[in-house]
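Work through the exercises below with the sequence and the model at hand. Try each task before reading its solution.

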Amino acid sequence: MTSRKIEMMVGLFVVAAMAAFFMLAMSVSNMSSYSGGENYELIARFDNVGGLKVRSPVSAAGVKIGRITDIQYNSDTYEAEVSMEIDVKYDKFPVDTAASILTSGLLGEQYVGFEPGAEDEYLKAGDVIDLTQSALVLEQIIGQFLYSKADDEE
């Protein structure tokens, strides 16, 4: 009888551990914060998206307002097109809003940050954000620094 009780306790412990690992995996993959509410899509074109990934956050003033849903290369414009789902309660972004690819912390994940403009007209579903700033690529910055140092020595 006691061995049956121990087997039941071990089984419950295993189930609890699996549930804890599932919750941890959902938290790490950012799926736990996915909201199934109403959204609208915006598109931004960037020269370089760096390490931006699908499901990365979109934020404005540090507040998460949406998620990246797709990243495609446009062979006509030679740019990356980033599709974003923005929560419908954040539907008052002016048409001259700027989108930048930013990094959270020194080695953190990349995300898209919105900087609202001053126009009276607002972005609608399917609109393209014209003002964009691509990701800073560390290798390019170092290369430019070394190149400028080589020019100074000549």
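Buried means under 20% relative accessible area, exposed over 50%, and partly exposed in between, with a 1.4 Å probe and protein chains only. Strands are DSSP runs of E with at least two residues, numbered from the N terminus. The model is predicted, so local features need pLDDT of at least 70 and side-chain atom pairs count only at pLDDT 80 or more, while totals for chains, interfaces and linings use all residues. Residues are numbered from 1 along each chain as its sequence is written, and side-chain values use heavy atoms, without hydrogens and water.

**Exercise 1.** Find which way the residues of strand 2 point.

Solution. Step one: in a regular strand the side chains alternate between the two faces of the sheet. Step two: Pro-57 and Ser-59 point one way, Val-58 and Ala-60 the other way. Step three: all of these residues are buried.

**Exercise 2.** Name the strands joined to strand 2 by bridges.

Solution. Two strands pair if DSSP finds at least two bridges between them. Step one: strand 3 runs antiparallel to strand 2, with four bridges; Ala-60 has Val-63 as its bridge partner there. Step two: strand 6 runs parallel to strand 2, with three bridges, and Val-58 is partnered by Val-112.
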